[in-house]
Amino acid sequence: MKRLLITLFSFLMLLTLCSCTTNTASKQELTNDNYVVTIVVEDGIEKKMEMDANKTPLIHEANELFYKREYSASISKILLALNAGEFDPIIYHRLGYMYKNGFGVDKDIDLAIDFYTKGLEYDQLGCLYNLGVYYTEQKDAENAKEMFEKAIEVNIPLGYYGLGYLYFNGFETIEADRTKADELFDKGVET
């Protein structure tokens, strides 16, 4: 089942991206304040795509279901959206979260990490914090610290909390430093 889902998801993503890039003569510019995708088409030609709620209604329905904690329905909408040619990189963050926690699907940490990692390729910066949490759970202090520091660099307040957590009592190779932890917690609140 897992391999089938990965194969289906990969195929639909490829189909979606191919359908967006086959006609290099038409300029597709969608509008959204938050996200731009640049796709390199044949011969080095670049195409920029911005995500728009009007152009991705199924993705937005999937997000609404996700926030209502109707996870199985959210995944179904994501697959329908991809099949309909819709794409928004937020789906990587959503799918990673659902697979990591077993919400609406069987828990699959490896698949969750794959989705989070793919999300980073599309600037889904919330994936940094989630990867930091994963590495913390795995007792991998260096990678956890790296993810939280990257989250801080891009102004994700939870990055301060995650890094502060590592310093609060000390974690693996990170020496306890309550003063530093308090500073990080304060910065997280201010951000």
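# A guided tour from the cores to the surface

Begin by selecting Ile78, Phe87, Ile91, Leu95, Met98, Tyr99 and Phe115: of the 21 residues in the largest nonpolar core, these touch the most other members. A nonpolar core is here a set of buried Ala, Val, Leu, Ile, Met, Phe, Trp, Tyr and Cys residues joined through side-chain atoms within 4.5 Å. Buried denotes under 20% relative accessible area, exposed over 50%, and partly exposed the range in between (1.4 Å probe, protein chains only). At least two residues of this core come from each of helix H2 (57-67), helix H3 (71-83), H4 and H5. The greatest contribution is that of H4, with six residues. Another core lies apart from it; this one has 13 residues, among them Tyr129, Ala141, Phe171 and Leu184. In soluble globular proteins, nonpolar side chains tend to be buried together.

The model on display is predicted: local features need pLDDT of at least 70, side-chain atom pairs count only at pLDDT 80 or more, and totals for chains, interfaces and linings use all residues. For selections, residues are numbered from 1 along each chain as its sequence is written, and side-chain values use heavy atoms, with hydrogens and water left out.

Next, display the whole chain as a cartoon. The chain contains nine helices and two strands, in the order α-β-β-α-α-α-α-α-α-α-α from the N terminus. Helices (H or I, at least four residues) and strands (E, at least two) are DSSP runs, numbered from the N terminus. Of the 191 residues in the chain, 42% are buried.

Turn now to the charged pairs. The structure has five salt bridges, each defined as a side-chain nitrogen of Lys or Arg within 4 Å of a carboxyl oxygen of Asp or Glu.

- Select Glu137 and Lys100, which form a salt bridge with the closest N and O atoms 2.9 Å apart. Glu137 lies in helix H6 (residues 126-137) and Lys100 in helix H4 (residues 90-101), so the pair ties together parts that are 37 residues apart in sequence. Glu137 is partly exposed at 44% relative accessibility, whereas Lys100 is buried at 10%.
- Select Glu121 and Lys118, a salt bridge whose closest N and O atoms are 3.1 Å apart. Both residues belong to helix H5 (residues 109-121), three residues apart, about one turn of the helix. Glu121 is exposed, with a relative accessible area of 54%, and Lys118 is partly exposed at 29%.
- Select Glu149 and Lys145, where the closest N and O atoms of the salt bridge are 3.9 Å apart. The two are four residues apart in helix H7 (residues 141-153), about one helical turn. Glu149 is partly exposed at 33%, as is Lys145 at 21%.

Patches are made of residues with over 30% relative accessible area and no salt bridge; like charges are joined within 9 Å, and nonpolar side chains (Val, Leu, Ile, Met, Phe, Trp, Tyr) within 5 Å. Select Leu158, Tyr161 and Tyr165, which make a nonpolar surface patch of about 330 Å². Tyr161 is located in helix H8 and is partly exposed, with a relative accessible area of 44%.

Asp177 sits in the loop between helix H8 (157-169) and helix H9 (178-190), and is partly exposed at 31% relative accessibility.

Key:
Accessible areas come from the Shrake-Rupley method with a 1.4 Å probe; for residues, only the protein chains shown count as cover.
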